[in-house]
Amino acid sequence: MTALEPIYTADNCNFAYQLRWGVTIFWQRPVADSLWFSAFEEALKKDEIRILSWRWLRTDVMQFSVSTRPFVSPIFIIQRIKGRVQYAVRQYEPKALRAHYAIRSYGTQEREVIEAYIAKQPSKHPMATQRSQQVFEELAFVDSNVDLSIAHKTEHGDIWYNLHIVLVHEDRWRDVDAVRLKSTRDIILRCATRKNWRLSRCAILADHLHAALGCQVTDSPQQVVLTLMNNIAWVYGMKPILCHSAFLGTFGEYDQRAIVEPRSVPEP
């Protein structure tokens, strides 16, 4: 059987996004000379990773806040930051860093605010009739067993990777077919199960939808949203029901006001 060609691809979609991360790396032996930092920061720009701020939490713990583009995965951020640091300080210390790391998604709002916002969507966009309104109230999904405040732990890393995704129908077309809308919700749930994403909340509306989910460290935000978009297209007979765009936003337990953002030469 011939595989279906995806309707939505990285080449034909444009995403609005705000993707921010807090990254922590651990040093075995900090390097006192800070001249390496400028070259390290410039090298990261080639990887589409922009440093917003940094600080030494302790003499052996360094923290960054960074922004990225949708095709950049959290594991790529970690690999590039650690690799670029080690390369930059190689003349001082060949094995400067420990294996452990932490990465934490954050955004303009905290997790509780995002989840509450999604929960209110059916009442925020009321339908003309009580019967239609009830359909959308019943379509709202919440998994009380999913706690996106809890880190996913690996052998070397603590990972918080949460995404808020908004998808909009082409030309804001409004669908009130309860069976088809339920199929849309169900395909989102199946995608989450298949990809080991932790779907916290989902709101299906007549002309758009919201989802809050915890993703795998190897998945870029772009991969996550394209998977959802193409699976939803399958529900509609492989028709481009959605706009070739979406909103992607990271969030977590802290918002951007809680991130320390001094820009000064770091000193251990």
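In this predicted model, Arg90 lies over the face of Tyr87, 3.8 Å from the ring centre. A charge sits over a ring if NZ of Lys or CZ of Arg is within 6 Å of the ring centre and within 35 degrees of the ring normal. Trp160 also carries a charge over its ring: the charged end of Arg104 sits 3.8 Å from the centre.

Residues are numbered from 1 along each chain as its sequence is written. Local features need pLDDT of at least 70 and side-chain atom pairs count only at pLDDT 80 or more, totals for chains, interfaces and linings use all residues, and side-chain values use heavy atoms, with hydrogens and water left out.

Aromatic pairs were examined next. Rings of Phe, Tyr and Trp (its six-membered ring) pair if their centres lie within 6.5 Å; planes under 30 degrees apart count as stacked, over 60 as edge-to-face and the rest as tilted. The count comes to nine aromatic pairs. Trp27 and Trp36 have ring centres 5.9 Å apart and planes at 50°, so this pair is tilted. Trp27 has 0% relative accessibility and counts as buried (under 20% relative accessible area; exposed is over 50%, partly exposed in between; 1.4 Å probe, protein chains only). Trp36 is buried too, at 4%.

Phe37 and Trp54 form a tilted pair, with 4.6 Å from centre to centre and 50° between the planes. Phe37 lies in helix H1 (residues 36–45) and Trp54 in strand S3 (residues 49–58), so the pair ties together parts 17 residues apart in sequence. Helices (H or I, at least four residues) and strands (E, at least two) are DSSP runs, numbered from the N terminus. Phe37 is buried at 4% relative accessibility, and Trp54 is buried at 6%. Ring pairs link Trp27, Trp36, Phe37, Phe40, Trp54, Trp56 and Phe64 into a cluster.
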